[in-house]
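Here's a friendly walk through a protein fold, taken one piece at a time. Keep the picture open beside you as you read.

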Amino acid sequence: MPEEAIDSLSFIKSHWTAWWMLGVAHERVQSFRGLYLCYSAVVNVVFTVGYPLHLGMSLFSNRSLTEDILNLTTFVTCLACSAKTLLYAYNIGKVARMEHLLRLLDERVSGMQQRAIYGQVKLKLRTILYVFIGIYMPLALYAELSFISKEERGLMYPAYFPFDWLHSTRNYYIANFYQIVGISFLLVQNYVNDCFPAVVLCLISSHVKMLYSRFDDIGRDPSIDAEKQLEDCITDHKRLLNIFQCMEGFMSLPMFVQFTVTALNLCISVASVVFFVSEPMARIYCIFYAIGIQLQIYPSCFYSTDNEYWFGRLHNAAFSCNWPDQDRTFKRKMMIFLERSLKRSTAVAGGMLRVNVDTFFATLKMAYSLFTIIIRMRK
């Protein structure tokens, strides 16, 4: 049977499709570029800027406390989503650099063991996709059910419109059409914002594991120049560090925004279920929202921790090769590599927070601390 082609870029094609829909893929558009730029300006003004704006203008001025809470959580989420989209759009040029490095690393994959590692990537990335589908589908479903179950005319999300939608059927349909299209647009934004970092970090982790395997093979075959193998592995290590640093710079500020929003919205959602919201559909929505807001950051934190672990093991991989039989030049180069590999490679969000599982649990603790403040205020 023919060997499966190694193509890491195939895992991020869906993200480019999403970026094209969101109007931020201008670097990939060659034909009708002017038309695309006009499309980009319109959709981002109408939805990326306009959607959180129309939610924020009705904060704490709705007909009930339930609507105020729903309005607040939706506004904070949409504002964070728009902010992350604009930050990613500003740094979208870094994606081409990451793709170039991934392509070079794909060319180095050989042997059954490395291909087996690559085969596991598909299962992991499919799991990531299912996680995000599992987040967005129940939220969209219960938001819609909560909207349909209303006895009187209302909006999917409490918001401000510069026209009377309550007493005009035409305006009512216009307002709801805008909210449905807008939330669909922001769900696509959320998908690419939260899924892309997790996918790239997973790919980096898998390539580090393959590099570990290549180090282990150095010097085993006398017919292959061991020093050349070592130099190639050192080059691969440099490429992996470059793509990791590029990814860190790409997601640093957006992840910082997401950590902050997660703690705040998780606290509000739990407090809503416990104290404020009594409608069954609204309570179910808040429960799924509290679960979903956590799952948005967990894959990125998990694979960032995995990166840190495997980068930290590369010096062990170097000693697993057949280095005692090599000459002095080989050993000198290996020692230089070992010194460099001892430096920890940890992604940092906003220059302050490490992107790893520890920070994920610290975010949950922060949400709990905010929740205890609410309890004391109620007492």
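Predicted model: local features only at pLDDT ≥ 70, side-chain atom pairs only at ≥ 80, totals over all residues.

Let's begin with helix packing. Two packed helices are described by the angle between their axes and the distance between the axes. Take helix H7, which covers residues 226-276, and helix H8, residues 280-295: they pack at about 155°, and their axes are 9 Å apart. That angle is over 145°, the cut-off for roughly antiparallel, so H7 and H8 get that label. Their crossing is left-handed. On the H7 side, the contact is made by Gln258, Thr262, Asn265, Leu266, Ser269, Ser272 and Val273, while H8 brings Arg283, Cys286, Ile287, Tyr289, Ala290, Ile293 and Gln294. Sort the residues of this contact by class and you get seven nonpolar, six polar and one charged.

H7 also packs with helix H4 (residues 93-106), again at an angle of about 155°, with the axes 10 Å apart. H4 and H7 are therefore roughly antiparallel too, and H4 passes H7 in a left-handed crossing. Which residues meet here? From H4 come Lys94, Val95, Arg97, Met98, Leu101, Leu102, Leu104 and Leu105, and from H7 come Asp236, Arg239, Leu240, Asn242, Ile243, Cys246, Met247, Gly249 and Phe250. The class count for the contact of H4 with H7 is 11 nonpolar, two polar and four charged residues.

Now for the aromatic rings. Searching the whole structure turns up 24 aromatic pairs. One of them joins Phe11 and Tyr118, with 6.1 Å from centre to centre and 50° between the planes, which is a tilted arrangement. Phe11 sits in the segment before helix H1 (13-22) and Tyr118 in helix H5 (residues 111-148), so this pair ties together parts that are 107 residues apart in sequence. Are these two residues buried or exposed? Phe11 counts as buried at 17% relative accessibility, and Tyr118 is buried as well, at 4%.

Another pair, Tyr298 with Phe360, is edge-to-face: the centres are 5.1 Å apart and the planes make an angle of 70°. Tyr298 belongs to helix H9 (residues 298-311) and Phe360 to helix H12 (residues 357-378), so here the parts tied together are 62 residues apart in sequence. Tyr298 is partly exposed, with 31% relative accessibility, whereas Phe360 is buried at 7%.

Finally, look for a group of rings: Phe47, Tyr51, Phe161, Phe163, Tyr178 and Phe185 form one aromatic cluster.

How values were computed: Residues numbered from 1 in each chain as written. Heavy atoms only, no water. Axes fitted to C-alpha atoms, helices over the stretch in contact; angles between N-to-C directions. Helix = DSSP H or I, 4+ residues; strand = E, 2+ residues; numbered from the N terminus. Parallel < 35°, antiparallel > 145°, perpendicular 65-115°, else oblique. Left-handed = near helix turned anticlockwise from the far one by under 90°. Contact = heavy atoms within 4.5 Å. Nonpolar A, V, L, I, M, F, W, Y, C, P; charged D, E, K, R; others polar. Phe/Tyr/Trp six-rings, centres within 6.5 Å; stacked < 30°, edge-to-face > 60°. Buried < 20%, exposed > 50% of the residue type's maximum accessible area, 1.4 Å probe, protein only.
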